Amino acid sequence: MTIYQHDAALVFRLQIVGALRGLYVAELEQSWRTARSIMEGKALVVDLSGLSDADERGMQLLARMRDAGAKFVTASRPEALDVARRLGLPTESAPAHRSRCEARVCVSWLRGRVIRTLKPFLGGGKC
């Protein structure tokens, strides 16, 4: 598993690629702790687009992140959607490729709009 950290002006995004199991759960938790210490009021977005599976401890960590206010995005890969469903998250999908509009999209989503309303914008519309 690989964790990518993307720090933008308004959003700090953790991107998970691979299976969230075993020792990787502790690695993600450490990344989350580090992110929280440097976010300075930014929204935390967890990108599940590359997630292939999660064990019970991984699901518990994702649930704690959700309960602490993290927002989640996912692509329409069956594995990532399955994890999102197990977390009780909406399963509308966002594209795996992010445009230069990423921060605007995340901020709009975080302001309470349902991701379904953003689908035309996320689908490649111009900023």
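**Salt bridges in a predicted model**

Residues 93–127 are the stretch to treat with care: pLDDT stays under 50 there, and the model has 45 contacts beyond four places in sequence for this segment. Where pLDDT is low, the predicted coordinates should not be read in detail. This is a predicted model, and the chain as a whole averages a pLDDT of 74, with 69% of the residues scoring at least 70.

On the charged side, the count comes to 8 salt bridges. One of them joins K42 and D7, with N and O 2.4 Å apart. That pair reaches across the chain: K42 sits in the loop between α1 (23–38) and β3 (43–54), while D7 belongs to strand β1 (residues 2–7), 35 residues away. D7 has a relative accessibility of 48%, so it counts as partly exposed.

With R21, the closest N and O atoms are 2.6 Å apart; here the loop between β2 (11–20) and α1 carries R21, strand β3 carries D53, and 32 residues separate the two. D53 also forms a salt bridge with R86, this time at 3.8 Å between the closest N and O atoms. Because R86 lies in helix α3 (residues 78–86) and D53 in strand β3, this pair ties together parts 33 residues apart in sequence. Relative accessibility is 42% for R21, which is partly exposed; D53, at 25%, is partly exposed, and R86 is partly exposed at 41%.

As for the rings, a search of the whole structure turns up 0 aromatic pairs.

Key: Residues are numbered from 1 along each chain as its sequence is written. This is a predicted model: local features need pLDDT of at least 70, side-chain atom pairs count only at pLDDT 80 or more; totals for chains, interfaces and linings use all residues. Side-chain values use heavy atoms; hydrogens and water are left out. pLDDT is the predictor's confidence in each residue, from 0 to 100. Contact means heavy atoms within 4.5 Å. Rings of Phe, Tyr and Trp (its six-membered ring) pair if their centres lie within 6.5 Å; planes under 30 degrees apart count as stacked, over 60 as edge-to-face and the rest as tilted. A salt bridge is a side-chain nitrogen of Lys or Arg within 4 Å of a carboxyl oxygen of Asp or Glu. Helices (H or I, at least four residues) and strands (E, at least two) are DSSP runs, numbered from the N terminus. Buried means under 20% relative accessible area, exposed over 50%, partly exposed in between (1.4 Å probe, protein chains only).
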